Amino acid sequence: MASPYQSLVILTGAGISAESGLGTFRDKDGLWTQYDLRDVATPEGFARNPALVHEFYNARRRNLLEAAPNPAHAALADLERQWPRDFLLVTQNVDDLHERAGSTRLLHMHGELLKIRCENCGDRRECRQDIDLATACPACGTPGYLRPHVVWFGEMPLGMAQIEQALAACDLFISIGTSGNVYPAAGFVAEARRQGAHTVELNLEPSEGHSVFAEKRYGPASEIVPAFMRALL
Ligand code: APR
C-alpha cells in the first residue's frame, strides 16, 4: 500500500447518507427546517412533549429500515479493510449504514437510532419498532421511561476520550458530509491540524470550517469519496 499516512481519523455527517434517502439537518429541505430542534432533540423538549419526540424518531427509524448504504459508505468499509494501522471512523450519524456497509472500527458519537434505553433501569438494547409512552421497558417492565439512544443538544457526546486519543495520534484527518456547525465535532479539524495532521474536507459544498482544511474536494459523496479513497491506497 503506497499511502504515506499511518494513522487515520475519518469524521462523517448526515451528508454521507443523503444519497441513501436519509434527510440531512440544515440543507434546504433539512429536518431542522421541518421541526424545531428544541422540541425534538433536547431533554427539555422530551419532557414537554414525549409523544412528539417519539413520533419524530419512529418516522426516522422506519425510514432508515427502508434505506441502504451507498458507494461512499462502501468505500470507507473497503479502506478500513485495507488499512493496516490506526483507523477510526467517527460518525455523527445515528443511522446504521456504516455498519451495513461493513465498517467495524466505528464510533457513534451521537448515539444510534436503532437502539433505545430505559431511564428507569438503564437498560439499553436494539429496537426496530415504534415506541411510545405506553411501551414497557423489556428489562424492568416499566412503561414511560424509554427514549431513543441518541445524544440530544445539551447532552455529552459518546466516546470522547477515545476520539481525543485518536485525534492526538493521527497524521491524516478526513471530514465527509458535515456542515461543521455542531461542536465538539466541528472542532476536530483544528485539533488534528494543531498536532500536524494533514486535513481533508469532502463535501457537497464548503462547510463552516472549510478554511481550516489543507485539502478540499466538493461534490456528491457517492462520487468523491470512492475516488479519494482509491487515490489514498
Ligand atoms: N454528498 C456530500 N455532502 C453532502 C451531500 C452529498 N450528497 N448532501 C449534503 N451534503 C452536505 C451539506 O452540504 C452539508 O454541509 O452535508 C452537510 C450536512 O450538514 P448538516 O445537515 O448540518 O448535518 P451534520 O453536519 O451531520 O449535523 C451535525 O447536528 O443536528 C445535529 O446531531 C445532529 O449529528 C447531527 C449534527
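Me: How do the residues lining the second largest pocket divide into nonpolar, polar and charged?
Reply: In this predicted model, the lining of the second largest pocket has nine nonpolar, five polar and two charged residues.

Me: Which residues lie nearest the centre of that pocket?
Reply: Gly 180, Ala 186, Val 189, Gly 209 and Phe 213 lie nearest the centre, out of 16 lining residues. The elements that contribute two or more residues to this lining are β7 (172–176) and α8 (188–194).

Me: And how much space lies in it?
Reply: The second largest pocket holds about 160 Å³ of space.

Me: What lies in the loop between β7 and α8?
Reply: Pro 184 lies in that loop. A cis peptide bond joins Tyr 183 to Pro 184, with omega at about 10°. In general, most peptide bonds are trans.

Me: Turning to the ligand, which residues come nearest?
Reply: There are 23 residues around the ligand, and Phe 25, Arg 26, Trp 32, Thr 178 and Ser 179 come nearest. By class, this shell comprises nine nonpolar, 10 polar and four charged residues.

Me: Where is an oxygen atom of the ligand relative to the side chain of His 110?
Reply: An N or O atom in the His 110 side chain is 2.9 Å from an oxygen atom of the ligand. For Asn 203, a polar side-chain atom lies 2.9 Å from a ligand oxygen atom. In the side chain of Glu 205, an N or O atom is 2.8 Å from an oxygen atom of the ligand.

Me: How much of the ligand's accessible area does the protein cover?
Reply: The ligand on its own has 740 Å² of accessible area, and the protein covers 94% of that.

Me: Now the overall fold: how many helices and strands are in the protein chain?
Reply: The protein chain contains nine helices and nine strands. Its C-alpha trace spans about 55 × 35 × 30 Å along the principal axes.

Me: Why does the radius of gyration agree with a compact globule?
Reply: The two values agree because a compact globule of 233 residues would have a radius of gyration near 17 Å, and the protein chain has 18 Å.

Terms used: Residues are numbered from 1 along each chain as its sequence is written. This is a predicted model: local features need pLDDT of at least 70, side-chain atom pairs count only at pLDDT 80 or more; totals for chains, interfaces and linings use all residues. Side-chain values use heavy atoms; hydrogens and water are left out. On a 1 Å grid over the protein atoms alone, a cavity is a set of points where a 1.4 Å probe fits but cannot get out, and a pocket is an open set with protein on both sides within 12 Å along at least five of seven lines; lining residues have an atom within 4 Å of a point. Grid points are joined across faces, edges and corners, and a volume is the space filled by probe spheres set on the points. Helices (H or I, at least four residues) and strands (E, at least two) are DSSP runs, numbered from the N terminus. Ala, Val, Leu, Ile, Met, Phe, Trp, Tyr, Cys and Pro count as nonpolar, Asp, Glu, Lys and Arg as charged, and the others, Gly among them, as polar. A residue is near a molecule or strand if one of its heavy atoms lies within 4 Å of it. A polar contact is a pair of N or O atoms within 3.5 Å; within protein, one must be able to donate a hydrogen and the other to accept it, and residues adjacent in sequence count only if both atoms are side-chain atoms. Accessible areas come from the Shrake-Rupley method with a 1.4 Å probe; for residues, only the protein chains shown count as cover. The radius of gyration is taken over C-alpha atoms; the globule rule is 2.2 Å times the number of residues to the power 0.38.
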